[in-house]
Amino acid sequence: MLAHPDLIRRLAEARENTDELFQLVHPDAFYERPIPERHRILFYLGHLEAFDWNLIARYALDRPAFHTEFDRLFAFGIDPPPGQLPSDQPSDWPRPSEVEDYNRRVRGELDRLVDQVPEQYLHVAIEHHLMHAETFAYILHHLDYRHKAKVEEPAPRTAAMPSPRMVDIPAGTARLGRTPAEGFGWDNEFTAHEVEVPGFAIGRYKVTNGEYLEFVREGAAPPFFWVERGGEWYYRGMFSEIPLPLDWPVYTTFREAEAYARWRGKSIPTEPQFHRASCAAPVSRNVDFRRWDPAPVTADEGAWQGPQQLTGNGWEWTSTLFAPFPGFTPFPFYRNYSEPFFDGQHHVLKGASPRTAACFLRPSFRNWFRVGYPYIYATFRLADS
Ligand SMILES: [Fe+2]
């Protein structure tokens with residue numbers, strides 16, 4: 001009898017999910033580095049299993065190492081400050097087949113130990129895999145099309161062009177964070193607390209490519225996901241370039257979002273404002289790996305008359321700096337999950353993207369990135385305080 005059958009099944013599913021992603025990469029492309037600020041693809045092939053091994057076998061169960069070099073090489077990702085790009089060479093890394101051997105051995109050994117693993121570590125391993133299912137998807141997004149297999153993307157629901165308007169949110173209490181009794185969460189989600197939020201207005205829809213195009217025509221730089229060819233704008237999708245879909249949300253950095261909001265005489269919502277606006281709102285259909293690219297901002301229109309797609313169809317930047325909640329304590333087994341990023345350089349994102357797993361749709365989950373990081377599935381909407 002397995003101790004945690006549900007968690008063991010979820011870990012197996014999370015592994016399958018990330019395995020499928022690596023199968024999209026052509027065999028000759030594992031040393032590519034699609035994003036200059038991140039590791040080469042090969043790192044991620046070893047990272048997921050090295051993380052589980054270091055956490056579960058080494059830290060939790062004190063098992064002897066069988067490959068200390070890989071345990072260290074694949075232990076941590078990177079997030080360098082602007083101007084400090086990594087300079088490693090392909091020859092600094094092992095062959096993919098060596099990493100696959102390591103992964104097989106790790107999985108085999110962990111599967112024998114899994115009954116002894118405290119539940120919290122299994123949650124961490126599962127959610128870590130699924131976080132990388134998203135972060136590796138956006139890295140793969142920027143890999144040259146000739147280096148990856150093409151997946152047929154289901155067509156998004158067609159929808160009416162949005163007519164932008166603001167929705168009033170009355171003054172009230174926002175509940176942020178969670179308590180241990182509510183189940184697993186990462187260190188930065190603790191603990192639950194309430195914040196009083198004065199009344200404000202928020203965009204019914206995310207800002208669209210079409211609206212942002214007006215800003216670009218006024219002289220703003222185009223977002224990283226756009227490319228201009230022969231005077232026409234295109235969206236660089238996961239598997240192909242398509243004429244810029246004017247009713248899809250625009251992917252931007254926080255700096256671009258903030259500049260756009262200022263240009264419109266508005267602001268970017270704070271984290272508590274996002275909670276106030278989203279507490280009763282339904283989740284978008286475009287989450288949990290259903291699509292690779294966005295859908296129209298009106299695609300979830302239905303009975304709900306409030307703000308659309310707060311959770312789904314693209315993370316949303318907030319104007320809140322990533323900082324600890326009152327009572328924050330780092331996980332002793334993963335001290336660097338949140339704490340190094342409380343540095344005044346990272347902003348909180350809320351909601352979810354098309355590539356965000358269902359487990360992260362809980363309201364307390366917080367994402368964060370550098371304010372000028374342009375590669376992610378990050379959208380925004382306007383607020384008026
Ligand atoms: Fe990681």
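At 0% relative accessibility, Phe 74 counts as buried in this predicted model, and Phe 43, also at 0% relative accessibility, counts as buried as well. The two residues form an aromatic pair of the tilted kind, with 6.2 Å from centre to centre and 35 degrees between the planes. This pair links distant parts of the chain, since Phe 43 belongs to helix 2 and Phe 74 to the loop between helix 3 (68-73) and helix 4, the two being 31 residues apart.

**Iron site**

- The iron ion has as its protein donors His 47 (NE2), His 128 (NE2) and His 132 (NE2), which lie 2.1 to 2.2 Å from the ion.
- Along the sequence, the spacing of these donor residues is H-x80-H-x3-H.
- Because His 47 is in helix 2 and His 132 in helix 5, the pair ties together parts of the chain that are 85 residues apart in sequence.
- His 47 counts as buried at 4% relative accessibility, and His 132, at 15% relative accessibility, counts as buried too.

**Nonpolar cores**

- The largest nonpolar core holds 95 residues, of which Ile 56, Tyr 138, Trp 186, Trp 226, Trp 317 and Phe 380 touch the most other members.
- Helix 5 (residues 119-141) supplies the largest share of this core, namely 13 residues.
- Leaving aside residues up to four places away in sequence, Ile 56 touches Leu 61, Leu 110, Val 117, Tyr 121, Leu 122 and Ala 125.
- There is also a second, separate core of 12 residues, which includes Val 167, Ile 169, Ile 202 and Phe 274.

- Helix 1 (residues 5-23) has 19 residues and should span 27 Å at 1.5 Å a residue, which agrees with its end C-alpha atoms being 27 Å apart.
- Its buried residues are Leu 7, Ile 8, Leu 11, Ala 14, Arg 15, Asn 17, Thr 18, Leu 21 and Phe 22.
- An α-helix has 3.6 residues a turn, so residues three or four places apart point the same way.
- The buried residues of helix 1 pack against helix 2 (41-60), helix 4 (96-113) and helix 5.

**Aromatic pairs and charges over rings**

- The structure as a whole holds 50 aromatic pairs, one of them being the tilted pair of Phe 43 and Phe 74 described above.
- Tyr 235 is buried, with a relative accessible area of 2%, and Tyr 251 is likewise buried, with a relative accessible area of 3%.
- The rings of Tyr 235 and Tyr 251 have centres 6.4 Å apart and planes at 55 degrees, so this pair is tilted.
- Since Tyr 235 lies in strand 6 (residues 232-236) and Tyr 251 in the loop between strand 7 (241-243) and helix 7 (254-263), the pair ties together parts that are 16 residues apart in sequence.
- Arg 105 places its charged end over the ring of Phe 66, at 4.2 Å from the ring's centre, while Arg 355 lies over the face of Trp 292, at 3.5 Å from the ring centre.

**An exposed loop residue**

- Arg 146 is found in the loop between helix 5 and strand 1 (166-169), and with a relative accessible area of 59% this residue is exposed.
- Although Arg 146 and Phe 239 are 93 residues apart along the chain, their C-alpha atoms are separated by 9.5 Å.

Note on methods
Residues numbered from 1 in each chain as written. Predicted model: local features only at pLDDT ≥ 70, side-chain atom pairs only at ≥ 80, totals over all residues. Heavy atoms only, no water. Core = buried A, V, L, I, M, F, W, Y, C linked by side-chain atoms within 4.5 Å. Buried < 20%, exposed > 50% of the residue type's maximum accessible area, 1.4 Å probe, protein only. Helix = DSSP H or I, 4+ residues; strand = E, 2+ residues; numbered from the N terminus. Contact = heavy atoms within 4.5 Å. Expected span 1.5 Å × (residues − 1). Donors = N, O, S within 2.8 Å, 3.2 Å for Na, K, Ca; no water. Phe/Tyr/Trp six-rings, centres within 6.5 Å; stacked < 30°, edge-to-face > 60°. Lys NZ or Arg CZ within 6 Å of the ring centre and 35° of its normal.
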